[in-house]
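I set them down in the order in which I looked things up.

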Amino acid sequence: MSDRNGPVSSKSVKNTFQNCYDLSAREIQLGGADGKIKATVCYIDGLVSGVTVAETIIRPATVKERFAAVELESDAIELILKGGIYTYTAILRTELEQVVDDMLNGFCALVFDAAGAAVTFEVRSPDKRSIDEPKEEKVVKGSKDVFIEIMRTNTMQVRRKLRNPNLRLKQITVGATSKTSMVIAYIDGYTNMEYVEEMERRLKDADFDSVVSAASVEEHIYDKPRSMFPQMLRTERPDRFCMNLLEGRVGLLIDGLPMGYLAPGTFSQFYKVPDDNAKHYIVASAMTLLRYAAVIIALLLPALYVAVVMYHQEMLPPKLLVSIIESRKSVPFPSALEVLGMLIAFELLQEAGLRLPNTIGQTVSIIGALIVGQSAVEAKVISPVVVIVIALSGIASYTVPDQDMSAAVRVHRFLLVLAAIAAGLYGVVLGFAALIYNVCSMESFGVSYMEPFAGSKGSKIRELLRFPITKTQHMDPELRKEKK
Amino acid sequence: MKRFILYILIVCMPVLSACGDVNIYSAHSEPEELAVIKTVGIDYSDGVVEVTATTGIGADGKKAKTYSSTADTLAEAINGIQNGYLGDEAYFSHVQQIIIGEAALQNGITEVLDYVGRNVYMQLSSDLYLAKGGTAKKLMEDTTGESTAVSDMLEAISKKSEFMAAGKVFTCKDVMASLAKSGMALIYVIEAGEPLYTGGDDETLSVKPMGYAIIKDGKLEEYLDTGVTEGAGIIMGHTKSGMLTVEAEGHGAVTLKISNIKTDLEPIFESGKLTTVTVKVTAELNIEESAEDLNYLNESFREKVERAAAVEIEETVQAVLLKSAELGEDFCGMGDKLYLKHPYKLADEHDNWEKVYENLQFKTEIRAKLERTYDMENSLNYTGEKNGEG
């Protein structure tokens, strides 16, 4: 590994990036062929635009009239910093590490060996993914833009939606290896500064090596990284990001990740969708309640089925019990194995559908759900009632808007089924109580995770539904209030 | 660490709470191993209990299974069915009907109700029937065939219990409560009727409703025929609808549908003592069929129909009151109804209801009101003759 604390020179820059085929280093003479001062133009090809480098740096630097008379490198640097070269940024760097960091962030460096300094210019490459339509958080009525992997574009999108000078975008670089830029976003006067400071503290204290995936951020700054439940709201939509900033949350944008994080993330926030604010408030409230019902079905239905069918048949209405008995007459597997098998098959189908390209994924779903499912029922390998139970539970789990929350629900569904197999309803109640205890003891940035169900003295229960926007404030006063 | 210990304790709860010596998993049973018993028949003969249990017709149309066992006690007989048959396990949690043979009532019904109340499987919400003039086993065998089971027929009777002719089917819970309150209760009486199907080999008989039986102090006191059952349903407020055919003077037979029927008991006091009870009945009627007159807007016709219906209902109610007076028993529970309505005024009378009832006079006020005639001809502005053109 090269020494990044040495003097600034073209050689040290080349040494730092040795064996990097994308390093471009071209020696030029300021003022053209007759110029007296040599400099080296260094940049990482791809991160910066070669055309922009040629037009805005090399071309003015080689104009004879401008630099021919300059004899000292220090004078040349001074002239460049005063506008001798047509870029909107020009920063003098005297430390190699700064030069290298700038180059890695899309800057071009003009290195002066004798002066041991470099001037860096921001000439990022415009090559980036276009702002696409949302894939996870689709809406019918609402904006169709999403965050992309380029942080500057993301901050631009936030700024466009919140044209307010109090919108603060605080940059921080983390990751010893990846040197990833992150931006903490908040609105001065709206956000409780404790959350901002806490976010900054966690990012600085975290022992990041690299930030190339979402999990590497989440696991470092979550309150309870071992919990499967997401503890920060994640969105790909700038409008939802801004709405939450207005409610008093603190946002986090990470370079390279096409999403924004919001804290504190409470359980109820994961059951709201951007469409809620586009629909009539009664419809939106009804849909929200439906999603809560769906999570109960997704979590408990298979476990309750197993418990009732194996241990508590008296709870079933007579006709339903007779129907279940008839449907299970020729099934060779016990109820427990049947349900577990179907749950695993369901997860396999989902995983296969996700990993394959869209068109093939749909085919797999059709083959799996329709052909294999129907054949299994006809061959009396599984009973139709179990197919209905698992399908209903599976569909209900898809109504959970957040994928991480949905995944957590699906894993806990398995655990509750195992509890039901072991001890019937007693096991289900025990497992569910343990789950409730676990989530109720969680916090996100000091806010109870189960708020408003727990920890808010019931005062915020109306947050579960959507009330007319004309009658409610955007801002959550509880979040804004300074903590004592 | 504290949480971890708490988790461990919760998981260990089954063991710590003395459930540890029982393997919970081994207590489970697969549903396909169960034979869901829907109807239980109980007969007593020479000190021996015979229990007959039958399933309903299977979802796939399979014939109902019938099991039988005799023992010294009810519990042993039921245990004999649960353990004495190979194959499916007889499952008693879904028993919907309990039929008691007439002879069993000689021993008293208390023993049966006590067992149902104690048993963890049997439910007090099961309907209770009395097999008139025979054994429950015989009735169940006669009324269970290849494609019909006694439980299905009893279920149908129970569903129609609000209909005037059928009368309410009382559950074990109703009978227990009534016996505890007044020492008297009504039980729905059934017997095997006509063959269910005609012109075939299936000789399955139908279940025929036979009114009520009065149980006093746990034993059979008297049978009430279906005519009295109708009136009892009206006084008790169980009957909500029904069908009535009356002869309207000069207009022939008219069939009426009772869409709603309300009963109110009004106490009359003389010198502070309860002397008379007025039974007020209001029936709302719709014309279902009229053979003679289709001019429903005719005021005279309407009045005659209403009057005839009122007379018909009054006769039904009077029949119950007469029977009640004859037996000297308030089997319709009028005392409780009046007490609930006037708890302060009738506090003393309620405590000595049997004595008060013996000297009580009854009056009836019946009001029948024709609500809908379904006069299609007039509503369509039909102006021609009845069978003419227009």
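**Entry 1: helix H14 of chain A.** I looked up what the buried residues of H14(A) pack against, and I found H10, helix H11 (318-328), helix H12 (335-355), helix H13 (358-378) and helix H15 (403-440) of chain A. I note at the outset that the model is predicted. The buried residues of H14(A) include Val385(A), Val386(A), Val387(A), Val389(A) and Ile390(A). Ser393(A), Gly394(A), Ala396(A) and Ser397(A) are also buried in H14(A). I then checked the span of the helix: H14(A) covers residues 384-398, and its 15 residues reach 21 Å from first C-alpha to last, close to the 21 Å expected.

**Entry 2: helix H4 of chain A.** I repeated the span check on H4(A), residues 73-84. Its end C-alpha atoms are only 13 Å apart for 12 residues, short of the 16 Å that a straight helix would reach. Which residues of H4(A) are buried? I recorded Ala76(A), Ile77(A) and Ile80(A). They lie on the same side of H4(A), because they cover an arc of only 100° around the axis. I recalled that an α-helix has 3.6 residues a turn, so residues three or four places apart point the same way. On the face turned away from the buried side I found the exposed residues Lys82(A) and Gly83(A). The cover over the buried residues of H4(A) includes strands S1 (23-30), S2 (37-44), S3 (91-93), S4 (107-112) and S5 (117-122) of chain A, together with helix H3 (64-67).

**Entry 3: the nonpolar cores.** I next asked which members of the largest nonpolar core, of 182 residues, touch the most other members. They are Ala303(A), Val306(A), Ile42(B), Ile100(B), Ile187(B) and Ala309(B). Helix H10 (residues 281-310) of chain A gives this core its largest share, 13 residues. Apart from this core I noted another, of 34 residues, with Ile37(A), Ala76(A), Leu110(A) and Phe112(A) among them.

**Entry 4: chain A against chain B.** I found 21 residues of chain B in contact with 20 residues of chain A. Helix H1 (2-16) and strand S1 (34-45) of chain B each supply at least two residues of the chain B side. By class, that side has 11 nonpolar, 6 polar and 4 charged residues.

**Entry 5: domains.** The assignment divides chain A into domain 1 (10-122), domain 2 (151-265) and domain 3 (277-444). I took the centres of domains 1 and 3 of chain A over C-alpha atoms, and 62 Å separate them. Chain B is divided into domain 1 (32-224) and domain 2 (233-380), and 32 Å separate their centres. Each of these two domains of chain B gives 13 residues to the contact. On the domain 1 side, strands S7 (184-195), S8 (205-216) and S9 (219-224) of chain B give two or more residues. I counted that side by class as 7 nonpolar, 1 polar and 5 charged residues.

**Entry 6: Lys63 of chain B.** I located Lys63(B) in the loop between strand S2 (48-55) and strand S3 (66-71) of chain B. Is Lys63(B) buried or partly exposed? It is partly exposed, because 14 other C-beta atoms lie within 10 Å.

Definitions and conventions
Residues are numbered from 1 along each chain as its sequence is written. Chains are lettered from A and ligands numbered from 1 in the order in which they are written. This is a predicted model: local features need pLDDT of at least 70, side-chain atom pairs count only at pLDDT 80 or more; totals for chains, interfaces and linings use all residues. Helices (H or I, at least four residues) and strands (E, at least two) are DSSP runs, numbered from the N terminus. The expected span of a helix is 1.5 Å times one less than its number of residues. A residue is buried if 20 or more other C-beta atoms lie within 10 Å of its own, exposed if 12 or fewer, and partly exposed in between; C-beta atoms are placed from the backbone. The arc is that of the directions from the helix axis to the C-beta atoms. Two residues are in contact if their C-beta atoms, placed from the backbone, lie within 7 Å. A nonpolar core is a set of buried Ala, Val, Leu, Ile, Met, Phe, Trp, Tyr and Cys residues joined through C-beta atoms within 7 Å. Ala, Val, Leu, Ile, Met, Phe, Trp, Tyr, Cys and Pro count as nonpolar, Asp, Glu, Lys and Arg as charged, and the others, Gly among them, as polar. Domain bounds come from an automatic or database domain assignment.
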